[in-house]
Amino acid sequence: MSGMVLFVDSLSAWYGGAGILRAGKRSRSRVQILYDVSFTIAQGEILGLVGESGCGKSTLAKAVCGIVDDTAGEITHSGGRPQMIFQDPLSSLNPAKTIGWIVEEPLRVVGGTDSRERRKLVHEMLERVGLGSRYAARKPNELSGGQRQRVSIAASLIRRPRLIIADEPVSSLDVTIQAQILDLLLELGRDFNLSYLFISHDMNVVYQICDRVMVMQRGRIVEEGTVEKLFEKPEHEHTKQLLAATEEDYI
């Protein structure tokens with residue numbers, strides 16, 4: 001791994017704030033979600049982010065992608081904006097469009113290629129994620145959950161980003177399909193020299209795929225380290241609780 005693809009320094013984020021609702025009442029108060037979060041991701045690295053639901057993981061992902069308006073701190077990308085893979089591909093894929101249209105859309109937005117070249121790239125990417133060009137004419141509701149997630153991966157990779165943010169990408173899939181998607185992400189990471197911010201509440205999945213792990217609690221990073229260090233010698237009480245809960249699931 002050489003060089004950094006993401007540098008985040010003292011990132012804080014808020015939701016809510018001043019505003020007038022139609023009923024004439026003021027909106028809810030400004031609520032801080034992230035508190036002085038700092039980290040880096042190296043080229044080719046898989047950085048895990050774990051924590052309980054509601055701790056701020058998804059807000060961090062959105063802030064890194066530039067889709068949270070109220071933030072403070074520094075976010076520096078190397079090699080363009082990251083792309084996202086979401087937890088539920090059915091809700092993130094346009095049900096009215098074909099798979100080919102969905103995967104091609106990022107290329108249309110950025111421009112610089114004609115329709116023939118775009119179709120060629122789409123078919124190549126569908127093959128690369130294990131679907132094949134024959135899926136281009138289908139729609140999301142004609143595919144299984146695992147196939148839809150492969151479409152999401154293809155759409156996120158079509159512009160060849162350096163960083164992918166995967167927000168609970170396998171949590172809605174059964175165990176067998178989870179393993180297939182994780183293997184695909186690892187394979188694509190090696191082939192395209194990708195970096196990942198891999199967000200999950202499943203410590204077992206994180207152990208399988210990540211190089212380093214950050215533990216988040218109430219919007220703060222409370223512990224960070226290599227997978228081996230964090231799993232074998234956790235220091236923060238919240239990390240110990242997450243690991244203990246994982247062990248209980250398998251007793």
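Which residue just after α1 takes a positive phi? Gly66 does, with a phi of about 80°. The structure is a predicted model, and its single chain is described below from overall form down to particular residues. The secondary structure comes to nine helices and nine strands. The radius of gyration, 19 Å, agrees with the value near 18 Å that a compact globule of 251 residues would have.

**Overall form**

- Taken along the principal axes, the box filled by the C-alpha atoms is roughly 55 × 55 × 35 Å.
- Of the 251 residues in the chain, 44% are buried.
- Contacts between residues at least 6 apart in sequence were also sorted by separation, and 68% of them join residues at least 24 apart.
- The chain exposes about 12,800 Å², and 47% of that area is supplied by carbon and sulfur atoms.
- There are 30 positive and 32 negative side chains, and the centres of these two sets lie 9 Å apart.

**Nonpolar cores**

- In soluble globular proteins, nonpolar side chains tend to be buried together.
- The largest nonpolar core here has 44 residues, and the members that touch the most others are Ile153 and Phe198.
- Helix α6, residues 175–192, gives the most to this core, with five residues.
- Another core, of 25 residues, lies apart from the largest one; Leu34, Cys65, Ile199 and Met216 are among its members.
- Leaving aside neighbours within four places in sequence, Phe198 is in contact with Ile46, Leu47, Gly48 and Leu49, among others.
- Further contacts of Phe198 include Ala166, Pro169, Leu182, Leu185, Val205, Ile209 and Cys210.

- Helix α1 spans residues 57–64 and is largely enclosed by the rest of the structure, because six of its eight residues are buried.
- Those buried residues are Lys57, Thr59, Leu60, Ala61, Ala63 and Val64.
- Gly51 is found in the loop between β3 (46–50) and α1.
- With a relative accessible area of 3%, Gly51 is under the 20% cut-off and therefore counts as buried.
- Gly51 is in contact with Lys57, Ser200, His201, Met216 and Leu242, leaving aside its neighbours within four places in sequence.
- Gly51 and Arg190 are 139 residues apart in sequence, and their C-alpha atoms are 27 Å apart in space.

- Helix α3 covers residues 99–110, and its buried residues include Ile99, Gly100, Ile102 and Val103.
- Glu104, Pro106 and Leu107 are also buried in α3.
- The cover over the buried residues of α3 includes α4 (115–128) and α5 (145–157).
- Just after α3 comes Gly111, which takes a positive phi of about 75°.
- Ser152 lies in helix α5 and counts as buried, at 8% relative accessibility.
- Not counting residues up to four places away in sequence, Ser152 touches Ile85, Pro89, Ser92 and Leu93.

- Leu186 lies in helix α6 and counts as partly exposed, at 25% relative accessibility.
- Leu186 and Ile46 are 140 residues apart along the chain, while their C-alpha atoms are separated by 9.2 Å.
- Ile46 and Ile209 are in contact with Leu186, when neighbours of Leu186 within four places in sequence are left aside.
- Glu168 lies in the loop between β6 (163–167) and α6.
- The phi of Glu168 is near 50°, a positive value in a residue other than glycine.
- Glu168 is buried, and its relative accessible area is 9%.
- Asn193 is found in the loop between α6 and β7 (195–200).
- Asn193 is another residue other than glycine with a positive phi, near 55°.
- Asn193 is partly exposed, with a relative accessible area of 42%.

How values were computed. Residues numbered from 1 in each chain as written. Predicted model: local features only at pLDDT ≥ 70, side-chain atom pairs only at ≥ 80, totals over all residues. Heavy atoms only, no water. Helix = DSSP H or I, 4+ residues; strand = E, 2+ residues; numbered from the N terminus. Rg over C-alpha atoms; globule rule 2.2 N^0.38 Å. Buried < 20%, exposed > 50% of the residue type's maximum accessible area, 1.4 Å probe, protein only. Contact = heavy atoms within 4.5 Å. Areas by Shrake-Rupley, 256 points an atom, 1.4 Å probe, with all protein chains shown as cover. Lys, Arg positive; Asp, Glu negative; His and termini not counted. Charge placed at Lys NZ, Arg CZ, Asp CG, Glu CD. Core = buried A, V, L, I, M, F, W, Y, C linked by side-chain atoms within 4.5 Å.
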